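Trainee: Could you walk me through this one? I'd like to ask things as they come up.

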There are 2 protein chains.
Amino acid sequence: MAYDITAAALAAKQASQAASLLSTKEKNDALTAISRILVQQADSVLEANAIDLAQAKENGMPTVMQDRLLLTRERIEGIASSVLDVVKLEDPIGQVVEGYRTENGLNIQRIRVPMGVIGIIFESRPNVTVDAAVLCLKAGSAVLLRGGKEAFHSNLAFVRLMQQALEECGLPKELIQLVEDTSRETATKMMKLNGLLDVLIPRGGAGLIRSCVENATVPVIETGTGNCHIYVDASADLDMAVNIVFNAKTSRPSVCNAAESLLVHRDVAQAFLPICQKKLAEKNVEIRGCEETCKILGDLAVPATEEDYGKEFLDYIISCKVVGSVEEAIRHINRYSTGHSECIVTKDLDSADQFTAAVDSAAVYVNASTRFTDGGEFGLGAEIGISTQKLHARGPMGLKELTTVKYVIRGNGQIR
Amino acid sequence: MAYDITAAALAAKQASQAASLLSTKEKNDALTAISRILVQQADSVLEANAIDLAQAKENGMPTVMQDRLLLTRERIEGIASSVLDVVKLEDPIGQVVEGYRTENGLNIQRIRVPMGVIGIIFESRPNVTVDAAVLCLKAGSAVLLRGGKEAFHSNLAFVRLMQQALEECGLPKELIQLVEDTSRETATKMMKLNGLLDVLIPRGGAGLIRSCVENATVPVIETGTGNCHIYVDASADLDMAVNIVFNAKTSRPSVCNAAESLLVHRDVAQAFLPICQKKLAEKNVEIRGCEETCKILGDLAVPATEEDYGKEFLDYIISCKVVGSVEEAIRHINRYSTGHSECIVTKDLDSADQFTAAVDSAAVYVNASTRFTDGGEFGLGAEIGISTQKLHARGPMGLKELTTVKYVIRGNGQIR
């Protein structure tokens with residue numbers, strides 16, 4: 001029988017109504033059961049993962065990707081242990097965000113409530129299946145998970161164990177569901193489940209996110225692409241600037257908060273670029289520079305194209321441009337950035353204030369690495385992604401960002 | 001030359017960067033100038049409005065609609081005076097929503113900042129042109145207004161006066177722009193201005209909202225359709241219930257917070273329905289009832305169809321159903337409601353708690369009319385619409401809901 005995503009979403013919606021009424025203790029008990037069963041029955045996940053891996057090898061998947069797909073007993077234990085971290089997070093549901101009484105005696109409260117049904121579309125790493133599901137559960141919502149087909153058996157094994165835990169705790173197993181058909185058609189249908197899916201969160205590369213933005217009719221939260229900039233001001237401490245650029249570019253180049261572009265004030269370009277290049281050369285970073293950069297660095301840089309300034313390399317490559325002022329840096333960033341994270345290195349208060357006020361991105365840094373844009377680093381606990389849009393959530397999204405609010409108004413017969 | 005909406009949006013985006021840096025005083029001065037010029041040059045709007053009205057008569061527009069379109073000197077003065085109310089509203093921009101220091105010494109602040117460029121698509125009332133524009137200006141954003149073609153000349157006259165005021169104050173006139181081509185093609189293009197339009201807010205009927213949800217690739221906030229319910233519990237004070245139903249249904253049937261559906265507990269149906277019908281008959285309200293309702297009311301009710309329960313009548317019509325329990329009422333509401341406003345009339349604490357917890361709508365009332373769902377009534381000041389979705393804003397949207405936040409992080413060289 002063909003997989004019916006509408007039926008799955010309807011079941012999720014029904015289950016979500018039960019979930020919205022759960023106490024914190026009931027949710028935490030379920031999370032604890034999930035963690036326990038993942039460890040106890042890790043074998044079933046390892047067996048499923050072996051099928052995915054065999055398939056991946058047969059299809060000639062690059063070894064780096066194979067490693068992302070690989071689960072070991074230790075990795076599963078790590079995932080199970082991170083579920084227990086979610087138990088410790090404060091439950092946002094039921095928080096009174098605001099409360100007041102109006103002139104005519106109405107008691108108005110704005111209360112944090114569950115979203116309902118959350119859809120997540122993600123790519124290869126199977127750990128996302130568990131990470132996302134448990135955050136949604138703690139936030140009181142049902143989740144519909146659509147993972148990549150390379151990890152299908154692993155994802156399904158994880159979901160079955162989580163469902164077993166839900167049932168043990170007397171909760172509907174439809175709270176956590178895997179979309180069991182990984183075709184593009186079903187993904188497109190999922191994006192149009194208005195009335196059933198309250199929000200769709202894509203986690204993955206630029207292509208996946210674009211596809212969701214273009215096709216979805218349900219509300220989408222864009223996440224994750226980061227063409228992050230570091231601007232070295234005329235007044236910068238150049239050693240600090242070298243450290244920040246090196247850290248932001250090379251500590252983990254494949255993630256969205258890594259720096260992709262370097263802007264340098266003309267007054268310090270001659271002094272800064274050679275020492276920065278020398279440090280970056282330790283990790284063989286390729287510098288794609290503007291004409292002035294190339295003039296200063298000679299053949300230690302290659303000429304940048306226009307497209308390079310708009311690119312998220314996710315690699316040991318950085319674009320570089322010499323600018324004449326903080327205003328020019330701001331204009332460049334607001335033109336080319338994806339709105340994720342940007343940094344100014346400066347000693348000048350005016351430059352810092354101007355930069356933080358005018359740069360239109362989720363996170364704007366003064367004298368610190370862009371690599372800090374992360375739910376854990378910002379103190380949100382676990383994170384479901386980093387929003388680069390302006391509606392609902394901007395920057396790292398934790399439990400709170402997976403919820404909504406409603407007004408509850410109590411009266412004694414007021415009419416208008 | 002053909003109107004180029006992309007060029008208009010680009011100009012809006014550039015202007016928005018200037019607007020984001022304006023002080024509260026600069027914005028209030030511009031609002032005051034707008035209010036003054038609207039009164040001083042009301043004639044130019046009245047002339048333009050006469051053209052729209054002549055056209056409307058020629059096209060045989062119903063007189064109710066013509067009245068919505070009609071502007072008089074008094075109405076313009078009223079609009080100008082409401083601009084001054086916006087001057088008095090607290091400026092949300094620059095508010096520090098949250099601020100803390102991390103272990104490694106980063107100072108993190110989440111700061112309220114302007115959205116950027118806001119698109120509004122609305123239908124016939126020309127006053128929306130001014131109301132929406134001044135709220136967006138106070139919120140520090142540029143606005144692209146796309147009104148209905150019946151009000152085109154009136155809208156354009158309003159926008160020209162507002163632009164004149166902006167220029168007098170030394171602000172870019174592109175902060176407030178009217179989409180000067182009212183074709184459907186241009187509206188569709190507007191819905192896909194990703195990277196230029198930060199949010200699109202449709203204000204109008206169900207058809208307009210559906211079209212935005214289906215066609216837009218920019219983030220949309222759904223507003224306004226309200227299939228609002230009133231549930232009369234077994235324990236209700238029946239006189240209070242009659243008052244609330246009468247007020248919610250008849251005080252202004254054409255608005256989204258008017259009641260459209262009545263649910264009555266079986267235990268009180270026999271006592272309640274006849275007195276409620278009698279009161280509603282004062283305004284000739286048609287009751288479309290379930291079988292039990294019709295049995296009780298005889299030919300004072302007509303049989304309801306399945307569709308009637310899903311309908312926003314916006315008229316002197318109400319659907320009615322007898323239910324066996326508060327649970328059945330909740331199930332019915334969560335199935336048929338548009339998620340706007342619902343009310344329970346009860347004396348029973350458990351029923352009240354159950355209803356407010358489980359009904360999944362923006363505003364849930366205990367013993368008060370649904371007509372209170374309104375920015376003014378809730379104390380937000382002016383309102384741009386009422387969100388019936390769960391992302392970003394839910395319920396009445398004031399100035400705050402027209403803004404976003406960004407993280408500003410200050411360090412002294414921290415790397416990760």
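Trainee: What share of the residues in chain A is buried?
Mentor: Of the 416 residues in chain A, 55% are buried, where buried means that 20 or more other C-beta atoms, placed from the backbone, lie within 10 Å of the residue's own, while exposed means 12 or fewer and partly exposed lies in between. Keep in mind that this is a predicted model, in which local features need pLDDT of at least 70, side-chain atom pairs count only at pLDDT 80 or more, and totals for chains, interfaces and linings use all residues. Residues are numbered from 1 along each chain as its sequence is written, and chains are lettered from A and ligands numbered from 1 in the order in which they are written.

Trainee: How many helices and strands does chain A have?
Mentor: Chain A has 14 helices and 16 strands, taken as DSSP runs numbered from the N terminus, with helices being H or I of at least four residues and strands being E of at least two.

Trainee: What is the strand order in the open sheet of 10 strands?
Mentor: The order is β1(A)-β2(A)-β16(A)-β13(B)-β12(B)-β7(B)-β8(B)-β11(B)-β9(B)-β10(B), with mixed pairing, and two strands count as paired if DSSP finds at least two bridges between them.

Trainee: Which strands stand at the edges?
Mentor: Those are β1 (96–101) of chain A and β10 (302–303) of chain B, each of which has a single partner strand, so one side of each is left without a neighbour in the sheet. The partner β2 (residues 107–114) of chain A runs antiparallel to β1(A), joined by five bridges, and A:Arg101 stands opposite A:Asn107 in β2(A).

Trainee: Which strands does helix α14 of chain B touch?
Mentor: Helix α14 (residues 349–358) of chain B packs on the sheet and touches β16 (403–414) of chain A as well as β7, β12 (341–345) and β13 (363–368) of chain B. Contact here means that the C-beta atoms of two residues, placed from the backbone, lie within 7 Å.

Trainee: Switching to the pair of chains, what rotation superposes chain A on chain B?
Mentor: A rotation of 180 degrees with 0.0 Å of shift along its axis does so, with an RMSD of 0.1 Å, using least squares on the C-alpha atoms of residues with pLDDT of at least 70 in both copies. The two copies are thus related as by a two-fold rotation axis, and in chain A the C-alpha nearest that axis belongs to A:His392, 1.8 Å from it.

Trainee: How many residues does each chain bring to the contact?
Mentor: Chain A brings 57 residues and chain B brings 57 residues, and on the side of chain A that touches chain B, β16(A) gives the most, with 11 residues.

Trainee: Last topic: where is A:Gln66 found?
Mentor: A:Gln66 is in helix α4 (residues 63–69) of chain A, and A:Gln66 is partly exposed, with 15 other C-beta atoms within 10 Å. Leaving aside residues up to four places away in sequence, A:Gln66 touches A:Leu53, A:Ala56 and A:Met61.

How values were computed: Axes are lines fitted to C-alpha atoms, for helices over the stretch in contact, and angles run from 0 to 180 degrees between N-to-C directions.
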